[in-house]
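Dear colleague,

I am passing on the structure below, and after it I set out what was found in it. Please read the notes with the model open beside you.

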Amino acid sequence: MFKHILIPTDGSPLSTQALEKALDFARESGAQVTVLAVIEPLQVFTVYPVGMDIAYAEYEQRANEQADGILADAKAAAAQRDLTCEAIKLQSVDPAGCIVKTAEKYGCDAIVMASHGRSGFKAFMLGSVTMKVLAGSKLPVLVYR
């Protein structure tokens, strides 16, 4: 059915559950797996920027460490299922666009991801990466709730 699945993850419990289910699905269908962690850059607006260089550096270091851990855990979970897994870490102000472009760039034929279940006002104000991926992708998107 699918030969190459992109699994974006942010390391949250729901995203990790979706990753586990997506890896099982990939194993059952014999698909290749690519796991993606997108780091959003720190965006701070201030009239007093003294010391912000330190804050940016600290944020970048911690975000990279967290993404590295998420990807290492994903690779370990894939290895437990005898799957080879490519792990990609990218930085983008537009995670949804980054997910869609990465799927296209790596020749994926499906995206499997979690839905964080925002609804109502929160969904309107904050948006949903999943909804943006669904709207922007030409590929099938399987969403785990």
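A nonpolar surface patch of about 410 Å² is formed by Val 47, Tyr 48 and Val 50. Patches here are built from residues with over 30% relative accessible area and no salt bridge, where like charges are joined within 9 Å and nonpolar side chains (Val, Leu, Ile, Met, Phe, Trp, Tyr) within 5 Å; the accessible areas come from the Shrake-Rupley method with a 1.4 Å probe, and for residues only the protein chains shown count as cover. Tyr 48 counts as exposed because its relative accessibility is 60%, on a scale where buried means under 20% relative accessible area, exposed over 50%, and partly exposed in between (1.4 Å probe, protein chains only).

Before going further, please keep in mind that this is a predicted model, in which local features need pLDDT of at least 70 and side-chain atom pairs count only at pLDDT 80 or more, while totals for chains, interfaces and linings use all residues. Residues are numbered from 1 along each chain as its sequence is written, and side-chain values use heavy atoms, with hydrogens and water left out.

Turning to helix packing, the axes of helix H3 (residues 95–105) and helix H5 (residues 129–136) come within 8 Å and cross at roughly 45°, which makes H3 oblique to H5. The axes are lines fitted to C-alpha atoms, for helices over the stretch in contact, and the angles run from 0 to 180 degrees between N-to-C directions; angles under 35 degrees count as roughly parallel, over 145 as roughly antiparallel, 65 to 115 as roughly perpendicular, and the rest as oblique. The crossing of H3 and H5 is right-handed, a crossing being left-handed if the near helix is turned anticlockwise from the far one by less than a right angle, and right-handed if clockwise.

Next come the charged pairs. Side chains of opposite charge can pair when their charged atoms come close. A salt bridge is taken as a side-chain nitrogen of Lys or Arg within 4 Å of a carboxyl oxygen of Asp or Glu, and by this rule the count comes to four. One of them joins Glu 20 to Arg 81, with the closest N and O atoms 2.5 Å apart; Glu 20 lies in helix H1 (residues 13–29) and Arg 81 in the loop between H2 and strand S3 (85–91), so this pair ties together parts that are 61 residues apart in sequence. Asp 24 also meets Arg 81 in a salt bridge (2.5 Å, N to O), and since Asp 24 lies in helix H1 and Arg 81 in the loop between H2 and S3, that pair ties together parts that are 57 residues apart in sequence. Arg 81 counts as buried at 11% relative accessibility, whereas Glu 20, at 30%, counts as partly exposed, and Asp 24, at 26%, counts as partly exposed too.

A further salt bridge is made by the side chains of Arg 62 and Glu 58 (2.5 Å, N to O), which are four residues apart in helix H2 and therefore separated by about one helical turn. Arg 62 is exposed, with a relative accessible area of 55%, and Glu 58, at 34% relative accessibility, counts as partly exposed. Salt bridges that share partners join Glu 20, Asp 24 and Arg 81 into one network.

Asp 82, in the loop between H2 and S3, has a positive phi of about 60° although it is not a glycine, and at 73% relative accessibility Asp 82 counts as exposed. Leu 142 is found in strand S5 (residues 141–144) and counts as partly exposed at 35% relative accessibility, and its C-alpha atom is separated by 4.7 Å from that of Val 112, 30 residues apart along the chain.

Terms used:
Helix = DSSP H or I, 4+ residues; strand = E, 2+ residues; numbered from the N terminus.
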